[in-house]
Amino acid sequence: MALLILIPERDTAALAKALKQQAPALDLRTWPDVGDPADIDYVIVWNHPAGALAQFPNLKVIASFGAGVDHIFRDPDLPANVPITRLVDDSLTRQMAEYVAGVILNHRLRLTEYREYQAAGHWRPQEPRPGQNVCLLGLGHIGGEVARLLIRLEYTVCGWSRSPKDLPAVACHHGPDGLDRALADADYVVCLLPLTGATENILNQDLFRRMKKGAYLINAGRGGHLNEDELLDALYQEQVGGACLDVFKTEPLPADHPFWRHPRIAITPHIASLTDIDKAAAQFLENHRNMQNGRALVNTVDPGKGY
Ligand code: NDP
Ligand code: OXD
């Protein structure tokens with residue numbers, strides 16, 4: 001039986017090398033050189049073509065090459081009853097914590113503004129922005145770590161999840177009824193949710209109206225969380241003060257997209273947290289061994305919840 005890397009449009013040589021180094025005897029295939037589809041029992045995927053997984057009759061594990069799994073669930077021909085796993089990794093959560101803290105500190109200390117003053121030759125000292133309340137939408141592996149770092153930086157953190165949570169020094173809210181309370185005082189609203197039917201387009205006009213006027217939005221979840229036109233409108237109305245976006249409905253962001261030139265939108269190219277190849281390979285191989293030995297898989301996804 002064989003493990004297939006099914007990650008089109010990316011150079012997967014480093015992943016293949018790491019897998020081979022850690023498991024020299026592995027029968028490793030790389031899409032589109034699948035060989036006999038009946039050989040494939042374990043597949044590592046990222047943005048696979050819809051329907052591609054249905055051709056493997058002996059598939060036992062679908063492993064996401066990332067923390068998110070929305071790219072898997074959007075396949076209408078996803079084989080039923082094949083377990084799906086995702087990456088849960090300290091380096092992913094740590095990078096995201098640094099990213100969110102970095103964006104907030106940059107905004108609060110006006111560092112981008114000083115760069116612009118520098119270009120214009122202006123010496124213009126200003127006070128830092130006053131707000132230090134952060135609302136994290138999503139208090140999972142990543143949200144929890146972001147909360148810990150922000151608390152160490154003496155921010156006041158509240159968060160929102162699907163089920164009740166108890167995290168030290170975090171005011172935790174949950175469910176549709178808890179959203180208003182989570183948003184009410186926030187100077188920064190950070191989306192760290194998985195993209196599911198329940199969270200799609202959640203960053204919309206209605207949510208912006210429930211935020212404090214002028215609050216700053218950070219989206220590092222998925223592009224599908226954001227209603228792009230309604231953000232542009234909310235920025236124009238100054239209901240949202242500014243936004244930093246790492247993820248987009250279409251990636252790469254098309255060259256003619258209005259976000260590129262918006263003075264109050266900062267863009268990063270889906271780099272908030274990058275997969276560490278060696279650690280990812282170790283996690284894939286751990287589950288590969290679990291599968292071979294009939295043991296329980298780790299970091300499985302609940303298809304009912306979609307994350
Ligand atoms: P987890 O599954 O560990 O956490 C998800 C959190 O979202 C949980 O707290 C969950 O609640 C909450 N949630 C899910 N659905 C709802 C809902 N309907 N209402 C309220 N809360 C909800 O995921 P991770 O923290 O590991 O990752 C989160 C996401 O971050 C990924 O799915 C991915 O989209 C994104 N990501 C982005 C990266 C980037 O570079 N931009 C890199 C890595 C991840 P509960 O705790 O109750 O289950
Ligand atoms: C992920 C991502 O889900 O990179 O890991 O977005």
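A polar contact is a pair of N or O atoms within 3.5 Å. Keep that cut-off in mind for the contacts that follow. The model on the screen is a predicted one.

I will start with ligand 1. A backbone N or O atom of His141 lies 2.9 Å from one of the oxygen atoms of ligand 1, so by the cut-off this pair is a polar contact. On its own, ligand 1 has 940 Å² of accessible area, and the protein covers 92% of that.

Now the whole shell. Ligand 1 has 28 residues around it, and Arg86, Ser163, Lys165, Asp246 and Tyr307 are the closest. Sorted by class, 13 are nonpolar, 10 polar and 5 charged. Where do they come from? Domain 1 (2–89 + 275–293) and domain 2 (90–267) each give at least three residues to this shell. Helix α5 (141–152) and strand β7 (156–161) each supply at least two.

Next, ligand 2. Its surroundings are Trp46, Gly66, Ala67, Gly68, Arg222, His270 and Ser273. By class, that shell has 2 nonpolar, 4 polar and 1 charged.

Which side chains approach an oxygen atom of ligand 2? A polar side-chain atom of His270 lies 2.6 Å from one, and an N or O atom in the side chain of Arg222 is 2.7 Å from one. Ala67 uses a backbone N or O atom instead, at 2.7 Å. Ligand 2 on its own has 210 Å² of accessible area, of which the protein covers 85%.

Key:
Residues numbered from 1 in each chain as written. Chains lettered and ligands numbered in written order. Predicted model: local features only at pLDDT ≥ 70, side-chain atom pairs only at ≥ 80, totals over all residues. Heavy atoms only, no water. Near = heavy atom within 4 Å. Polar contact = N/O pair within 3.5 Å; in protein donor to acceptor, adjacent residues only side chain to side chain. Areas by Shrake-Rupley, 256 points an atom, 1.4 Å probe, with all protein chains shown as cover. Helix = DSSP H or I, 4+ residues; strand = E, 2+ residues; numbered from the N terminus. Nonpolar A, V, L, I, M, F, W, Y, C, P; charged D, E, K, R; others polar. Domains from an automatic or database assignment.
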